[in-house]
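Subject: Structure handover

Hello,

Here is the structure for your files. My notes on it follow below.

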Amino acid sequence: MADTSPAANCMDKLKSYVKTPKGVILAAEILVSLIILICYASSTYGGYTAVAICTMIIAMIYFGIFMMEMDKQILFINWLWSDLIRAGIGAGLYIITSLIAVIGGKGDGALIAGGVFGLLAGILFAYDAYTIYLQFKSGSQHAAAGTDDTV
């Protein structure tokens, strides 16, 4: 007999969503943010952990929303725009803080490692923003205005 409990249903959704391109990107963002958080927390100056914590938590929230398909139920939020803004801000923050960490991390290997992983995370978030932009662009092209000339 098949297990139809809510936990089994959630695990099935998790397994199927992680196999999608968006699921892979969000899972990678969460994992890289966790690695960066560990690197920054183990450095002598842990002031950059806020970026890693915030981006990881927000990526987890979006992962959960998209996995449970709540974006199709909650229609008063434009999920495409909010996800684009999330990824763009994450890319910008990671690139800025990582450059500061790499340039100013003299003798602190954990800070430099966090900065290098942060640069990779910035590229990953920028790639996510680019794929969202492509979705937005293709969605707006399919919903083109009519060609009826009557006024």
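The chain has five helices and zero strands. Helices (H or I, at least four residues) and strands (E, at least two) are DSSP runs, numbered from the N terminus. The order from the N terminus is α-α-α-α-α.

This is a predicted model: local features need pLDDT of at least 70, side-chain atom pairs count only at pLDDT 80 or more, and totals for chains, interfaces and linings use all residues. Residues are numbered from 1 along each chain as its sequence is written, and side-chain values use heavy atoms, with hydrogens and water left out.

Chain totals

Buried residues account for 35% of the 151 residues. Buried means under 20% relative accessible area, exposed over 50%, and partly exposed in between (1.4 Å probe, protein chains only). The chain exposes about 9300 Å², and carbon and sulfur atoms supply 72% of that area. Accessible areas come from the Shrake-Rupley method with a 1.4 Å probe; for residues, only the protein chains shown count as cover. Take contacts between residues at least 6 apart in sequence: 73% of them join residues at least 24 apart. Contact means heavy atoms within 4.5 Å.

Core

The largest nonpolar core has 25 residues, and Tyr17, Leu26, Ile36, Tyr40, Phe63, Phe66 and Tyr94 touch the most other members. Such a core is a set of buried Ala, Val, Leu, Ile, Met, Phe, Trp, Tyr and Cys residues joined through side-chain atoms within 4.5 Å. Helix 2 (21-42), helix 3 (49-67), helix 4 (79-104) and helix 5 each give two or more residues to this core. Helix 3 gives the most, with nine residues. Leaving aside neighbours within four places in sequence, Phe66 is in contact with Tyr17, Lys22, Leu26, Asp71, Trp79 and Asp83.

Glu29 is worth a look. It is found in helix 2. Glu29 is buried, at 0% relative accessible area. Not counting residues up to four places away in sequence, Glu29 touches Ala59, Arg86, Leu124, Phe125 and Asp128.

Rings

There are eight aromatic pairs. One of them joins Tyr40 and Tyr48: it is tilted, 5.6 Å centre to centre, with 50° between the planes. The rule: rings of Phe, Tyr and Trp (its six-membered ring) pair if their centres lie within 6.5 Å; planes under 30 degrees apart count as stacked, over 60 as edge-to-face and the rest as tilted. Tyr40 and Tyr48 are both buried. With Tyr45, they form one aromatic cluster.

Arg86 lies over the face of Tyr62, 5.4 Å from the ring centre. A charge sits over a ring if NZ of Lys or CZ of Arg is within 6 Å of the ring centre and within 35 degrees of the ring normal.

Single residues

Gly109 is in helix 5 (residues 109-142). Its relative accessibility is 49%, so Gly109 counts as partly exposed.

Glu69 is found in the loop between helix 3 and helix 4. Its phi is near 55°, a positive value in a residue other than glycine. Most residues other than glycine have a negative phi. Glu69 is partly exposed, at 42% relative accessible area.

Cysteines

The whole structure has zero disulfides (pairs of cysteine sulfur atoms within 2.5 Å). Cys39 is buried, at 13% relative accessibility, whereas Cys54 is partly exposed, at 47%.

Best wishes
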